[in-house]
Amino acid sequence: MPEWVAAGGAGFVAGCALLVGSAIAWFITVPARLVAAVMAFGSGVLISALSFELVEEAMDQGGLLATALGFLAGSLVYVGLNLLLARRGARHRKRSGDQHPSGSSSGGAIAIGALIDGVPESMVLGLSFLTGGGLSVPMLAAVFISNVPEGLSSTAGMKRSGRTPGYVFGVWGGIAVASGLSALAGYLLLDGAPPGVLAFVNALAAGAILAMITDTMIPEAFEKASIYSGLIATLGFLAAFSLHSLG
């Protein structure tokens, strides 16, 4: 199989985890505390993955300056876009409770918000073929594991706010396709790029992912599972770190 096909396929598979979580939330009434616990686990998984699969690798490739600049740029871009989306009604797009926005005016912002949440994760899957000599299985597993609770939590909130099945599954299906295209773009656009550029992009994605975790996933986890969220996140971190070590 050509690497560019594998890169796009990896991003699509990771994006389909959003549909898995969405289907669970739509057809089964999942307790809010369980949603929060799974979100906490996913947060720990992603923090581990961005630390050992992205930042560490960026350091090895391009050094501290490229890594630091990319990491800061990623967080600034994500936070800036998120501020704009918050004004359009997408501030609580990953929340499972009554905070989730309702009304047609916020629909587009929710979809765009879901897209900017997923694109950085998918791009690094495509980049892993260039920087690691093949698909990073630990990174794919981490993104997949974290996407399930994201789809679950957000869909639970969408369902509460009166969204239709067509809207909900249309959003997540579109994001799954966009995830595949993002991974493909990460591979095609950066094939042959110098190590410093690859390091910058890897770190940029890491900064955006960490900003997303802090802004959208951790608040949901803490609100409903505050006593145990730290422990659950630790278990998620250890699970992803174990995959990284074994890989």
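A: A definition is needed at the outset: the expected span of a helix is 1.5 Å times one less than its number of residues. Helices (H or I, at least four residues) and strands (E, at least two) are DSSP runs, numbered from the N terminus. This is a predicted model, in which local features need pLDDT of at least 70, side-chain atom pairs count only at pLDDT 80 or more, and totals for chains, interfaces and linings use all residues. Residues are numbered from 1 along each chain as its sequence is written, and side-chain values use heavy atoms, with hydrogens and water left out.

Q: What span should helix 4 have, and how far apart are its end C-alpha atoms?
A: Helix 4 covers residues 137-160, and its 24 residues should span 34 Å at 1.5 Å a residue. The end C-alpha atoms are 35 Å apart, which agrees.

Q: Why is helix 4 described as largely enclosed?
A: Because 18 of its 24 residues are buried, helix 4 is largely enclosed by the rest of the structure. Buried means under 20% relative accessible area, exposed over 50%, and partly exposed in between (1.4 Å probe, protein chains only).

Q: Which residue with positive phi follows helix 4?
A: Gly162 does, with a phi near 95°.

Q: Stepping back, how many helices and strands are there?
A: The protein has seven helices and zero strands. Of its 247 residues, 49% count as buried.

Q: What share of the contacts joins residues at least 24 apart?
A: The share is 85%, taken among contacts between residues at least 6 apart in sequence. Contact means heavy atoms within 4.5 Å.

Q: And the surface: what does its accessible area come to?
A: It comes to about 10500 Å², and 72% of that belongs to carbon and sulfur atoms. Accessible areas come from the Shrake-Rupley method with a 1.4 Å probe; for residues, only the protein chains shown count as cover.

Q: Which residues form the nonpolar patch on the surface?
A: The patch consists of Val13, Val20, Ile24, Phe27, Ile28 and Phe144, with about 530 Å² of accessible area together. Nonpolar side chains (Val, Leu, Ile, Met, Phe, Trp, Tyr) are joined within 5 Å, and like charges within 9 Å.

Q: Which helix gives the largest share of that patch?
A: Helix 1 (residues 3-27) does, with four residues. Ile28 sits in the loop between helix 1 and helix 2 (32-86), and its 48% relative accessibility makes it partly exposed.

Q: On to Asn82: is it buried or exposed?
A: Asn82, in helix 2, counts as buried at 6% relative accessibility. Its side chain makes a polar contact with the side chain of Asp215, at 2.5 Å. A polar contact is a pair of N or O atoms within 3.5 Å; within protein, one must be able to donate a hydrogen and the other to accept it, and residues adjacent in sequence count only if both atoms are side-chain atoms.

Q: What is Asn202 in contact with?
A: Leaving aside neighbours within four places in sequence, Asn202 contacts Leu54, Glu57, Ala58, Gln61, Val124, Leu127 and Thr131. Asn202 lies in helix 6 (residues 195-224) and is buried, with a relative accessible area of 2%.

Conventions: Patches are made of residues with over 30% relative accessible area and no salt bridge: like charges are joined within 9 Å, nonpolar side chains (Val, Leu, Ile, Met, Phe, Trp, Tyr) within 5 Å. A salt bridge is a side-chain nitrogen of Lys or Arg within 4 Å of a carboxyl oxygen of Asp or Glu.
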